[in-house]
Amino acid sequence: MPNPESPADPTQDSPEENDAARRRRRAQFLRDLAEARELRDRVQPRRAKAARLRHAMRMRTFRW
C-alpha cells in the first residue's frame with residue numbers, strides 16, 4: 001500500500017506547485033491543439049473554409 005505522505009507522490013505537493021503544474025500542462029495542451037488545428041487547416045483547406053463560414057454564421061446569429 002502506498003504511503004500517503006510520500007514526497008514522490010505528485011498529489012502531495014503544495015497547492016501553488018500543483019496549480020502551476022496544471023497551468024503548464026494546460027498551456028502545452030492548448031499549444032498542441034492549436035498546432036493540430038493549423039495543420040488540419042493546411043491539409044484540408046476546403047473543410048477549414050466551411051468551418052470558418054459555419055463559425056461566422058453562428059457568431060452572427062448569436063444573441064447576447
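User: What is the relative accessibility of Asp 41, and how is that value to be read?

Analyst: A residue is called buried under 20% relative accessible area and exposed over 50%, with partly exposed in between. In this predicted model, Asp 41 has a relative accessibility of 32%, so the residue counts as partly exposed. Asp 41 is placed in helix H1.

User: Which patch on the surface includes Asp 41?

Analyst: Residues can join a patch when they have over 30% relative accessible area and no salt bridge. Here Asp 41 gathers with Asp 32, Glu 35 and Glu 38 in a surface patch of negative charge.

User: Which residues form the patch of positive charge, and which elements give two or more residues to it?

Analyst: The positive patch on the surface gathers Arg 37, Arg 40, Arg 47, Arg 54 and Arg 58. Two or more of its residues come from each of H1 and helix H2, which covers 45-61. H2 gives the largest share, three residues. Arg 54, found in helix H2, counts as partly exposed because its relative accessibility is 48%.

User: Which residues form the nonpolar patch?

Analyst: That surface patch consists of Phe 29, Leu 30 and Leu 33, which together have about 270 Å² of accessible area. Phe 29 belongs to helix H1, residues 15-43. With a relative accessible area of 51%, Phe 29 is exposed.

User: How many salt bridges are there, and which residues are linked in a network?

Analyst: Side chains of opposite charge can pair when their charged atoms come close. The cut-off is 4 Å between a side-chain nitrogen of Lys or Arg and a carboxyl oxygen of Asp or Glu. By this rule there are two salt bridges, and a network of them links Asp 19, Arg 22 and Arg 23. Asp 19 meets Arg 22 at 3.1 Å, N to O, and Asp 19 meets Arg 23 at 2.4 Å, N to O.

Note on methods. Residues numbered from 1 in each chain as written. Predicted model: local features only at pLDDT ≥ 70, side-chain atom pairs only at ≥ 80, totals over all residues. Heavy atoms only, no water. Patch = residues over 30% accessible without salt bridge, like charges linked within 9 Å, V, L, I, M, F, W, Y side chains within 5 Å. Areas by Shrake-Rupley, 256 points an atom, 1.4 Å probe, with all protein chains shown as cover. Helix = DSSP H or I, 4+ residues; strand = E, 2+ residues; numbered from the N terminus. Buried < 20%, exposed > 50% of the residue type's maximum accessible area, 1.4 Å probe, protein only. Lys, Arg positive; Asp, Glu negative; His and termini not counted. Charge placed at Lys NZ, Arg CZ, Asp CG, Glu CD.
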